[in-house]
Amino acid sequence: MTTGRAEDPVRPTPPTSSPATPEDAMSSTTVITNIAGLVTNDPSLGDGSPLGLIQDAAVVIEGDRVAWTGESSKAPATDNRVDAGGRAVIPGFVDSHSHLVFAGDRTQEFNARMSGRAYSAGGIRTTVAATRAASDEDLERNLTRYLREALRQGTTTFETKSGYGLTVEDEARALRIAAAHTDEVTYLGAHIVSPDYADDPAGYVALVTGEMLDACAPYARWVDVFCEKGAFDGDQARAILTAGKAKGLHPRVHANQLSYGPGVQLAVELDAASADHCTHLTDADVDALASGDTVATLLPGAEFSTRAEWPDARRLIDAGVTVALSTDCNPGSSFTSSVPFCIALAVRDMRMTPDEAVWSATAGGARALRRDDVGRIAPGAYADLTLLDAPSHVHLAYRPGVPLVTGVWRRGVREV
């Protein structure tokens, strides 16, 4: 399959467009033309591959949605025109796993770990103390800082979690702050057992499934649990996820990150949207994922930052499992907001092809959020697009560490 005009140099002239506001976007149409390679993630629109690649392409945006895609020569007339200058356009990244409502810094922990200390779930307690001590304003300022950072790198949809408060008040305020910035909010009171309940884990599970859940459910779409040694076992995780489902929250699971365990199969059993990490898998775990609708969300930033074993993406994909790629941005084990970085890691160390990695970071992330209005560039989807300063999406892995994102549209408005 042809993936772009790699032999053509990127034109040095930056793309141009008229200034846009949300009001303008709702009332006007814009065509982005002269796109070297357009990743639509819709095989019916392009070359028949999962990426649905269209060469020498154009996209028409109307309001906050994609209205048309096709060859540049066939683009309809519009109010505004943007010349992509022979660059590639891909869907905005869908980061379906992050932990962005926090305070504090764990540089010393990272430095020590890189000097030989192994990562364990207990490190979360450091961030819990700092987050509890922070004001609402400090937490929101920190959140929006990392959202801007992620947007500059092409992320247009993100999920984020609580989990650094571990009291009724602190978990609820974390979700309230997050809900002001995204619809994809996850209740993670079950991140670790609160230090306040160190001698009474059962009491903490009762709190997470009772008073804390009642306070948090109005702000969240999802419920999550860290099903792992040092956090919550299978029975505790089942109780927490089932209680969340009863309140209308859909499950996600931190599963099989540090060791083999029940997390993946529990996720499939409860129809969780995603099982996240999936590093230590038995054949039965892989078979369960392949037979269900649960997405395996891989988070290579965590393995990079902890020198842990890489998830075997090739094994999952070859078995027919749907795979998503996300950052796991958090202050302890994966302090990166860069999806392009995670794509490069996935290709280099998790045996994914560049096409698979880009699909997993866009359409795969959308599936992990059970959405079909993001992660693709097709009529009816949100106009979330990323313009790369390269002729092909393959450059995201081919040129690791290079800031290739040169334009971002979110819901029809150019923001970068």
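Does T40 count as buried or exposed, and at what relative accessibility? T40 counts as buried, at 0% relative accessibility. The close-ups below come from a predicted model.

**View 1. T40 in the loop between β1 and β2.**
The loop that holds T40 runs between β1 (29-38) and β2 (54-62). The side chain of T40 reaches the backbone nitrogen of D42 at 3.0 Å. Leave aside the neighbours within four places in sequence, and T40 is in contact with L45, L51, G52, I54, R376 and I377. With a relative accessibility of 0%, T40 falls under the 20% limit, so T40 is buried.

**View 2. N41 and its positive phi.**
N41 also lies in the loop between β1 and β2. Its phi is positive, about 60°, although N41 is not a glycine. N41 has a relative accessible area of 10% and is therefore buried.

**View 3. Helix α13 against helix α14.**
Two packed helices are described by the angle between their axes and the distance between the axes. Here the helices are α13 (residues 339-349) and α14 (residues 354-368). They pack at an angle of about 140°, and their axes are 9 Å apart. On the α13 side, the contact is made by V339, I343, A346 and V347. On the α14 side, it is made by P354, A357, V358 and A361. By class, the contact of α13 with α14 has 8 nonpolar, no polar and no charged residues.

**View 4. Helix α4 against helix α5.**
Which angle do α4 and α5 make? Helix α4 (residues 136-152) packs with α5 at an angle of about 45°, with the axes 10 Å apart. That makes α4 oblique to α5. The crossing of α4 and α5 is right-handed. From α4, the contact is made by D136, L139, E140 and L143. From α5, R173, R176, I177 and A178 take part. By class, the contact of α4 with α5 has 4 nonpolar, no polar and 4 charged residues.

**View 5. The buried residues of helix α6.**
Helix α6 spans residues 201-209. Which residues of α6 are buried? They are G203, Y204, V205, L207 and V208. What do these buried residues pack against? Their partners are α5 (168-179), β7 (184-190), α7 (211-216) and α8 (234-246).

**View 6. S274 in strand β11.**
Strand β11 covers residues 274-277, and S274 lies in it. S274 has a relative accessible area of 0%, and so is buried. The side chain of S274 makes a polar contact with the side chain of R252, at 3.1 Å. Leaving aside neighbours within four places in sequence, S274 is in contact with P251, R252, V253, T294, V295, T297 and A368.

**View 7. T322 in the loop between α12 and β13.**
T322 is found in the loop between α12 (313-318) and β13 (323-325). At 24% relative accessibility, T322 counts as partly exposed. Neighbours within four places in sequence aside, T322 is in contact with V295, A296, W359 and R367. T322 and K247 are 75 residues apart along the chain. The C-alpha atoms of T322 and K247 are separated by 27 Å.

**View 8. T107 in helix α2.**
Helix α2 covers residues 107-114, and T107 has its place there. Its relative accessible area is 48%, so T107 is partly exposed. A polar contact of 2.4 Å joins the side chains of T107 and D105. Along the chain, T107 and V402 are 295 residues apart.

**View 9. R370 and its positive phi.**
R370 has its place in the loop between α14 and β14 (385-388). Its phi is positive, about 55°, although R370 is not a glycine. Is R370 buried or partly exposed? R370 is partly exposed, with a relative accessible area of 32%.

Notes
Residues are numbered from 1 along each chain as its sequence is written. This is a predicted model: local features need pLDDT of at least 70, side-chain atom pairs count only at pLDDT 80 or more; totals for chains, interfaces and linings use all residues. Side-chain values use heavy atoms; hydrogens and water are left out. Axes are lines fitted to C-alpha atoms, for helices over the stretch in contact, and angles run from 0 to 180 degrees between N-to-C directions. Helices (H or I, at least four residues) and strands (E, at least two) are DSSP runs, numbered from the N terminus. Contact means heavy atoms within 4.5 Å. Ala, Val, Leu, Ile, Met, Phe, Trp, Tyr, Cys and Pro count as nonpolar, Asp, Glu, Lys and Arg as charged, and the others, Gly among them, as polar. Buried means under 20% relative accessible area, exposed over 50%, partly exposed in between (1.4 Å probe, protein chains only). A polar contact is a pair of N or O atoms within 3.5 Å; within protein, one must be able to donate a hydrogen and the other to accept it, and residues adjacent in sequence count only if both atoms are side-chain atoms. Angles under 35 degrees count as roughly parallel, over 145 as roughly antiparallel, 65 to 115 as roughly perpendicular and the rest as oblique. A crossing is left-handed if the near helix is turned anticlockwise from the far one by less than a right angle, and right-handed if clockwise.
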